[in-house]
Structure formats: C-alpha cells, structure tokens
Amino acid sequence: MSREELTRALQADPAEARRILARVWETGSPVDRCAAAHWLADRQDCARDELAWDLRALEAARAAEPAEVRGFFPSLHLNLGDVYRRLGDLPRAREHLAAAQAVLDTLADDDYGRMIRGGVARLADRLGQG
C-alpha cells in the first residue's frame, strides 16, 4: 500500500476509507492485504463484520513473509480477542489473548509497542486474567 493511499484512507470519511482499503485488499501484496483488512476491521459498524475483517487480516498475515509481518501478530490477536469478548465468545477471546501474549516480545519498546502491550493488559483484565 502506498503511503499516499494509507494517508488518504486514514483521513477519509468512513465510507471512502472502506473503498480505498477494499481496493488494497483486492489488489495488494499479502502485507498490504493484512494492513488493509486490519484497518477495515476498525471501520465496521457491527462486531460481526469487524470479526470477519480481523480474521481476514490474520489469514493475510499468515500468507505473508514472516519477517514482514512479525510485529503485526500481537495487534491482530489483541483485536480478535477483544471482538470475540464483545461477541460473548470468551473461550476464543482467551485463545487470542494467549496468542497475543505469546508474541509480545516481537514488539519494540516504542509508542506502538507500549500501546499494544497496554491493550493486551486491558483485555486480560476484562477477561479476568490480569
């Protein structure tokens, strides 16, 4: 995904962002498809649609070169854990929490890494595992 497409998608209204990201999903590399699906999940109006895009993002990450997506997995599993929690599927939420916790060491000690670690900690608290 080009930096220009990403900037447009992040600044656009939700409908336009979905159009841009859907186009990337259809035509992009596995890494771009992963990123597009990850962001599309956050732009859905209902949790079921969010879940579908989160699952697509995880599938795309698994199809990509591991070195290119290594740091995506904590966030992908965090999002899946949270959406499963909101949908009331606590066993799956806990599975993805555990998967996120298992790969936290792939994150740098920077703002992004701290944000994801904080999200994982909050999810653990919400699931009574904190």
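What radius of gyration does the protein chain have, and what would a compact globule with 130 residues have?

1. Overall dimensions. This is a predicted model. The protein chain has a radius of gyration of 14 Å, which agrees with the value near 14 Å for a compact globule with 130 residues. Along the principal axes, the C-alpha atoms fill a box of roughly 40 × 30 × 25 Å.

2. Secondary structure. The protein chain contains 8 helices and 0 strands. Read from the N terminus, the order of elements is α-α-α-α-α-α-α-α.

3. Burial, surface and contacts. Of the 130 residues in the protein chain, 42% are buried. The accessible surface is about 7200 Å², and carbon and sulfur atoms account for 48% of that surface. Taking contacts between residues at least 6 apart in sequence, 53% join residues at least 24 apart.

4. The aromatic pair. The count is 1 aromatic pair. Its members are tryptophan 25 and tryptophan 53, and the pair is edge-to-face because the ring planes stand at 85°, with the centres 5.5 Å apart. Tryptophan 25 belongs to helix α2 (residues 14–27) and tryptophan 53 to helix α4 (residues 47–63), so the pair ties together parts 28 residues apart in sequence. Both tryptophan 25 and tryptophan 53 are buried.

5. Charges over these rings. Arginine 33 places its charged end over the ring of tryptophan 25, 3.8 Å from the ring centre. Over the face of tryptophan 53 lies arginine 56, at 4.3 Å from the ring centre.

6. Proline 91. This residue is found in helix α7 (residues 90–102). Proline 91 counts as exposed because its relative accessibility is 55%, the cut-off being over 50%.

Conventions. Residues numbered from 1 in each chain as written. Predicted model: local features only at pLDDT ≥ 70, side-chain atom pairs only at ≥ 80, totals over all residues. Heavy atoms only, no water. Helix = DSSP H or I, 4+ residues; strand = E, 2+ residues; numbered from the N terminus. Buried < 20%, exposed > 50% of the residue type's maximum accessible area, 1.4 Å probe, protein only. Phe/Tyr/Trp six-rings, centres within 6.5 Å; stacked < 30°, edge-to-face > 60°. Lys NZ or Arg CZ within 6 Å of the ring centre and 35° of its normal. Rg over C-alpha atoms; globule rule 2.2 N^0.38 Å. Contact = heavy atoms within 4.5 Å. Areas by Shrake-Rupley, 256 points an atom, 1.4 Å probe, with all protein chains shown as cover.
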